[in-house]
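Q: Could you take me through this model feature by feature, giving the general idea each time and then the case at hand?
A: Gladly; we can begin with charged side chains and move on to sheets and helices.

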Amino acid sequence: MTRPNILFVFPDQWRGDWIGAISPELPLRTPTIDRLIAGGTAFRRAWTPSPLCVPARSCLATARSYGRAPAPDNTCTNPVDADTFYRRLSEAGYEVASFGKTDLFKPDRSWGKDGRHRVNGVDKLAAIGIPAGKDIAGKHDSAEAAEAGCSDPYTDLLARAGVIDSYLKDLAERSEDSPLPVSDWEAGAIVEPETCYANTAPSPLPPELYADNVVGQDALDYLGAVNADAPWFLMVNFPGPHEPMDVTGDMIENWRDVTFPQPYGRRAEDRELQNEIRRRYAAMLENIDVWFGRMIAELSRRDMLENTVIVFASDHGEMLGDRNLWKKQVPFEPSLNVPLVWNGPDIAARGIEDAPASLIDIPVTLLSLAGAAPLTDADGMDLSGYLKGREAYPRLFTHAGLGAWRAVTDGRWKLVLGYRNDQPLSKMQFGSFQADITAGARLYDLNADLLETTNLWDICCEERNRLMGELRNSEGEPGR
């Protein structure tokens, strides 16, 4: 049997319900992803294992749940000797490449001009199993790295083009972290969004130097030259639609007359600003979808599409003003829920499924489809039999966590423990989970209450106790 190629498109901060096929009531333009869903399988209620960049991507690389993966917060670096699915694919004979923002070595600021994270003669990307491609810093990190005198391929490109100063000035005008507790935001005591959202002015960059376009072109060039006679894996880590709302002028023009529903629970009369923010977010989604379509067209041109498994997902979601909150890190659905779409040879056209799913199932499933050796001590589940229509769906629960809080769902009922909103969002990633502390615990029925407005903790005791047992039993145990 011919081993499939794998195209894995993985943007940063794309919330799971902002896809045309999943939320047709939203005026979104995601035709490429919509077609993949129609011809494959999508999970409407997929979760990230952790709604923050580094932890989510560390969990993905190792197929381990939050708390067991090696990088629990954004100050951590993924060890180069960690058991990753990238290395297993490489060992199985795959050419493994990645373009864009992997975020596995963020604190080291070691990207370098070639994006290979060379430290003491060690190519750290190759060491974890990615011998081809390049890593870039992403939006805010690229500015911080450049100001600290560190190189990365993207800012080096901007410097060569003579636009690095205007880029850094623009990002400085869009960067802000609130020092106020999340409770103030939830209560509506703060109404003005941080400047990374409220500043909706166009980026000063020309379209060809916009980060997502650079990453998209790198991926397209790779697909145009990759050896068609050997199996390959390509991961495309778009920096968008992560804030800030720094889209180019042509992207803004495409959305000028579009109106979006207002954020749920918004506590200010700033409808036009909210609409502008949502237009910018949707513009980033559309742009990524266009690049995705170009990649698929290139695969078709090279007669590789029929033997390519395509996966689309994101590291975490985006509150986007819902509940008067922004960014992620919190245990609410806009933050936790991510896209998860499968398409390719032998994958059943099931459309949109409501079963619980997790990002950490992706590496386990891909290794199975590739005929590669499994990861050691993985928590993710092999969905290959289900995707091919041969087996029942294996996952009963999905887990997530960050710092001191944990969440679990069976796809309908959702339990949250340890969530404290008396701290700034930036501090949410730190702290230790204590399963015996139930103060502030929450229980939601997502079928009846997807907006999570009614806490049923004191009412639905049977469901509460069932999920409590699952959460406590799963902490620190593999294979849940």
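Q: At what N to O distance do the side chains of lysine 106 and aspartate 141 meet in a salt bridge?
A: Side chains of opposite charge can pair when their charged atoms come close. Bear in mind that this is a predicted model; in it, the side chains of lysine 106 and aspartate 141 form a salt bridge with an N to O distance of 2.4 Å. Lysine 106 belongs to the loop between β4 and β5 (118-119), while aspartate 141 belongs to helix α5, so the pair ties together parts that lie 35 residues apart in sequence.

Q: Are these two residues buried or exposed?
A: The cut-off needed here is that a residue counts as buried under 20% relative accessible area. Lysine 106 has 12% and is therefore buried, and aspartate 141, with 14%, is buried as well.

Q: Which parts does the salt bridge between glutamate 286 and arginine 29 tie together?
A: The side chains of glutamate 286 and arginine 29 meet at 3.6 Å, N to O. Glutamate 286 is in helix α12 and arginine 29 is in the loop between β1 (5-9) and α1, so the bridge ties together parts 257 residues apart in sequence. Glutamate 286 counts as buried at 17% relative accessibility, whereas arginine 29, at 29%, counts as partly exposed.

Q: Returning to helix α5, which of its residues are buried, and against what do they pack?
A: In helix α5 (residues 139-147), the buried residues are Lys139, His140, Asp141, Ser142, Ala143 and Ala145. The buried residues of α5 pack against α6 (153-160), α7 (164-172) and α12 (271-301). Just after α5 comes glycine 149, which takes a positive phi of about 85°.

Q: How should I read the sheet that contains β4, and in what order do its strands run?
A: Strands of a sheet pair through backbone hydrogen bonds, either parallel or antiparallel. Here, eight strands make an open sheet in the order β7-β4-β8-β1-β9-β10-β2-β11, and the pairing is mixed. At its edges are β7 and β11 (351-353), each of which pairs on one side only. Neighbouring strands of this sheet are turned against each other by 15° on average, direction ignored.

Q: How many bridges join β4 to strand β8, and how many to strand β7?
A: Six bridges join β4 to strand β8 (residues 232-237), and these strands run parallel; four bridges join β4 to strand β7 (residues 132-135), again in parallel. On the β8 side, serine 98 has methionine 235 as its bridge partner, and glutamate 95 stands opposite tryptophan 232. On the β7 side, phenylalanine 99 stands opposite lysine 134. Strand β4 (residues 95-100) is mostly covered, with five of its six residues buried.

Q: Which strands does helix α1 lie across?
A: Helix α1 (residues 31-38) lies across β2 (41-43), β9 (308-313), β10 (340-343) and β11, and runs at about 65° to β10.

Q: Which residue forms a salt bridge with aspartate 445?
A: The partner is arginine 412, and the closest N and O atoms of the two are 2.9 Å apart. Aspartate 445 lies in strand β16 and arginine 412 in the loop between β14 and β15, so the contact ties together parts 33 residues apart in sequence. Aspartate 445 counts as buried at 8% relative accessibility, while arginine 412 is partly exposed, with a relative accessible area of 36%.

Definitions and conventions
Residues are numbered from 1 along each chain as its sequence is written. This is a predicted model: local features need pLDDT of at least 70, side-chain atom pairs count only at pLDDT 80 or more; totals for chains, interfaces and linings use all residues. Side-chain values use heavy atoms; hydrogens and water are left out. Buried means under 20% relative accessible area, exposed over 50%, partly exposed in between (1.4 Å probe, protein chains only). Helices (H or I, at least four residues) and strands (E, at least two) are DSSP runs, numbered from the N terminus. Two strands pair if DSSP finds at least two bridges between them. Axes are lines fitted to C-alpha atoms, for helices over the stretch in contact, and angles run from 0 to 180 degrees between N-to-C directions. Contact means heavy atoms within 4.5 Å. A salt bridge is a side-chain nitrogen of Lys or Arg within 4 Å of a carboxyl oxygen of Asp or Glu.
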